[in-house]
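Please have the sequence and the coordinates open while reading.

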Amino acid sequence: MYKIDFAKYPFPARTRHHTNPSFYIALSELEVKPDGYPPLLASINWSDYFINSMPPTKLDIGCGRGLFTLTIADNEPQNNILGIEVRQWCCDWLQNFIHSESIANCGILRYSVPNGLPFISDSSIDEIYYLFPDPWIKTKHIKRRAFTLDFLNEVYRMLNDSGELYLATDLEEVHKYHIHLLNKFGKFQHQVITNDSEWNKPQTNKEIFCRKEGIPFYRIIAKK
Ligand SMILES: C[S@@+](CC[C@H](N)C(=O)[O-])C[C@H]1O[C@@H](n2cnc3c(N)ncnc32)[C@H](O)[C@@H]1O
């Protein structure tokens, strides 16, 4: 796991769990653009994100505090990983860390995923991670979940022929919802993962918290 010197890189003293609720909704569904809404993007100049100027082959969607993103970047220097996150403070902290530590293959983008990911080319991604992203349990909040059929269409478009989508959640209801939507979408073969060796990925910040607190969590790998 990636070692971070928190004395040198402290998190901000006060951080919010969520940002403005409308930031989780596609801009096209909002009547007015809220102040601070993450910019929409049609294309990206990858030299702004990665030293080798190449596009990413891994996406960590809803990367949060980014331990997983940083660990993958460290373990796999040959791959570029892009962390996508809507919360400003997480992006600011991660961007400062990556810049200060000269991490060549890790980029962070502040963006809200329900707007689609048109700046990622078709069939260009090996692995997409969507780990503990949607804490929206109440029925009235389901519209804030980024995991939708449109999202699955985007994932399918971006993944290459052997590409994989990794899903994790600590909410059984959200896990069932993932399975329900994967079945409805029908183009992926998915498997519920019950042991760590089948998963074989670094722990995320949220996963570490769940393990420490004894909170169960649920994992799925979906293949094209
Ligand atoms: C519970 S945290 C988990 C973070 C990390 N993946 C982990 O496992 O530690 C969920 C993250 O997903 C982000 N997120 C939720 N909806 C999003 C969206 N529409 N676009 C981008 N990020 C989103 C949240 O801001 C939050 O930081």
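The points below cover the sheet, the helices packed on it, the core, the ligand shell and some loop residues.

The model is predicted. The largest nonpolar core has 46 residues, and 21 residues surround the ligand.

- Strand S4 (residues 125-131) and strand S5 (residues 159-169) run parallel and are joined by 6 bridges.
- Within this pair, Ile128 stands opposite Leu165 in S5.
- S1 and S2 are also parallel, with 4 bridges between them; Leu59 has Leu82 in S2 as its bridge partner.

**Helices on the sheet**

- The buried residues of H1 are Leu67, Phe68, Thr69, Leu70, Ile72 and Ala73. These buried residues pack against S1, S2, S3, S4 and H6.

- How many of the 5 residues of S2 are buried? The count is 5 of the 5, so S2 is largely enclosed by the rest of the structure.
- Both faces of S2 are covered. On one side Ile81, Gly83 and Glu85 are buried, and on the other Leu82 and Ile84 are buried.
- Leu109 lies in strand S3 and is in contact with Leu82 and Ile84, leaving aside its neighbours within four places in sequence.
- Leu109 counts as buried because it has 21 C-beta neighbours inside 10 Å, where 20 or more are required.
- The C-alpha atoms of Leu109 and Leu94 are 9.9 Å apart, and these residues are separated by 15 residues along the chain.

**Nonpolar core**

- Nonpolar side chains tend to be buried together in soluble globular proteins.
- In the largest nonpolar core, the residues that touch the most other members are Leu59, Ile61, Ile84, Ile128, Tyr129, Tyr130 and Leu165.
- Not counting residues up to four places away in sequence, Leu165 touches Ile128, Tyr130, Val155, Leu159, Phe188 and Ala222.

**Ligand shell**

- Which of the 21 residues around the ligand come nearest? They are Gly62, Gly64, Thr204, Asn205 and Lys206.
- By type, the shell consists of 12 nonpolar, 5 polar and 4 charged residues.
- Strand S2 (81-85) and helix H6 (205-213) each supply at least two residues of the shell. H6 gives the largest share, 3 residues.

**Loop residues**

- Ser102 lies in the loop between helix H2 (88-100) and S3. Its phi is positive, about 50 degrees, although Ser102 is not a glycine.
- Is Ser102 buried or exposed? Ser102 counts as exposed because it has 7 C-beta neighbours inside 10 Å, and the limit for this class is 12 or fewer.
- Ser123 lies in the loop between S3 and S4. Ser123 has a phi near 50 degrees, again a positive value in a residue other than glycine.
- With 12 C-beta neighbours inside 10 Å, Ser123 counts as exposed.
- Ala104 is placed in the loop between H2 and S3. Ala104 is partly exposed, since 13 other C-beta atoms lie within 10 Å.
- The C-alpha atoms of Ala104 and Phe50 are separated by 5.7 Å, although the residues are 54 residues apart along the chain.
- Ala104 touches Phe50, Ile51 and Asn52, not counting residues up to four places away in sequence.

Conventions: Residues are numbered from 1 along each chain as its sequence is written. This is a predicted model: local features need pLDDT of at least 70, side-chain atom pairs count only at pLDDT 80 or more; totals for chains, interfaces and linings use all residues. A residue is near a molecule or strand if its C-beta atom, placed from the backbone, lies within 6 Å of it. Ala, Val, Leu, Ile, Met, Phe, Trp, Tyr, Cys and Pro count as nonpolar, Asp, Glu, Lys and Arg as charged, and the others, Gly among them, as polar. A nonpolar core is a set of buried Ala, Val, Leu, Ile, Met, Phe, Trp, Tyr and Cys residues joined through C-beta atoms within 7 Å. Two residues are in contact if their C-beta atoms, placed from the backbone, lie within 7 Å. Two strands pair if DSSP finds at least two bridges between them.
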